[in-house]
Amino acid sequence: LLPAIYPFLVIYATCSIIGIISNFAIAFATFRNENLRSSCNYLIALAAVCDALHPTGHLPFFINLSIGNDFYNNKNCKFPLAISIIGQNGGSIMVLSIGVDRLVACVFPIL
């Protein structure tokens with residue numbers, strides 16, 4: 001592994017860890033605070049949990065690259081990414097749900 005790659009690996013891992021921690025903090029704050037318990041806030045919290053699962057797929061690749069293992073077979077590639085892909089797809093569904101919820105709230109404000 002080239003020494004010039006190390007700063008990029010550190011930045012990459014730092015961004016992933018910050019994303020995981022901050023998204024779980026959003027979800028924790030939503031479920032902990034009684035003022036944030038509405039349907040929209042629950043959808044935002046679930047979207048944050050899904051968005052926190054997405055960067056978990058970056059960490060196995062960071063670890064493999066940092067130890068110098070840049071060869072992946074099919075099993076080592078698919079299993080670490082399963083949670084990440086579920087989080088990415090779930091996050092997309094949650095953002096769509098938030099958009100529909102807000103659209104309904106704006107079009108039918110009395111309900």
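Student: Which residues form a nonpolar patch on the surface?

Tutor: In this predicted model, the nonpolar surface patch is made of Leu96, Val100, Leu103, Val104, Val107 and Phe108. Together these residues have about 570 Å² of accessible area. One of them, Val107, belongs to helix H4, which covers residues 74–107.

Student: Is Val107 buried or exposed, or partly exposed?

Tutor: Val107 has a relative accessible area of 48%, so it is classed as partly exposed. Patch members need over 30% relative accessible area, and the value for Val107 is 48%.

Student: How many disulfides does a search of the whole structure find?

Tutor: The general idea is a distance test: two cysteine sulfur atoms must lie within 2.5 Å. The search of the whole structure gives 0 disulfides. Take Cys40: the closest cysteine sulfur to its own is that of Cys106, 10 Å away, which is too far for a bond.

Student: What is the relative accessibility of Cys40, and what is the relative accessible area of Cys15?

Tutor: Cys40 is at 12% and counts as buried. Cys15, with a relative accessible area of 52%, is exposed.

Student: How many aromatic pairs does the count come to?

Tutor: The count is 1 aromatic pair. It consists of Phe31 and Tyr42, whose ring centres are 5.6 Å apart and whose planes meet at 25°, so the pair is stacked. For that label the planes must be under 30 degrees apart. The pair links distant parts of the chain, with Phe31 in helix H1 (residues 6–32) and Tyr42 in helix H2 (residues 39–53), 11 residues apart.

Student: Are Phe31 and Tyr42 buried or exposed, or partly exposed?

Tutor: Phe31 is partly exposed, at a relative accessible area of 41%. Tyr42 also counts as partly exposed, at 32% relative accessibility.

Student: Which residues does UniProt list for "transmembrane region"?

Tutor: An annotation comes from a record, and can be set beside the model. The UniProt entry, which is unreviewed, lists residues 6–29 under that name. In the model, that span is 100% helix and 0% strand, and its end C-alpha atoms lie 34 Å apart.

Student: How many salt bridges does the structure hold?

Tutor: In general, side chains of opposite charge can pair when their charged atoms come close. Here there is 1 salt bridge. It joins Asp101 and Arg102, and their closest N and O atoms are 3.1 Å apart. The cut-off is 4 Å.

Student: What is the relative accessible area of Arg102?

Tutor: The value for Arg102 is 40%, so this residue is partly exposed.

Terms used. Residues are numbered from 1 along each chain as its sequence is written. This is a predicted model: local features need pLDDT of at least 70, side-chain atom pairs count only at pLDDT 80 or more; totals for chains, interfaces and linings use all residues. Side-chain values use heavy atoms; hydrogens and water are left out. Patches are made of residues with over 30% relative accessible area and no salt bridge: like charges are joined within 9 Å, nonpolar side chains (Val, Leu, Ile, Met, Phe, Trp, Tyr) within 5 Å. Accessible areas come from the Shrake-Rupley method with a 1.4 Å probe; for residues, only the protein chains shown count as cover. A salt bridge is a side-chain nitrogen of Lys or Arg within 4 Å of a carboxyl oxygen of Asp or Glu. Helices (H or I, at least four residues) and strands (E, at least two) are DSSP runs, numbered from the N terminus. Buried means under 20% relative accessible area, exposed over 50%, partly exposed in between (1.4 Å probe, protein chains only). Rings of Phe, Tyr and Trp (its six-membered ring) pair if their centres lie within 6.5 Å; planes under 30 degrees apart count as stacked, over 60 as edge-to-face and the rest as tilted. UniProt positions are given in the numbering used here, feature names are shortened, and annotations may be inferred rather than shown by experiment.
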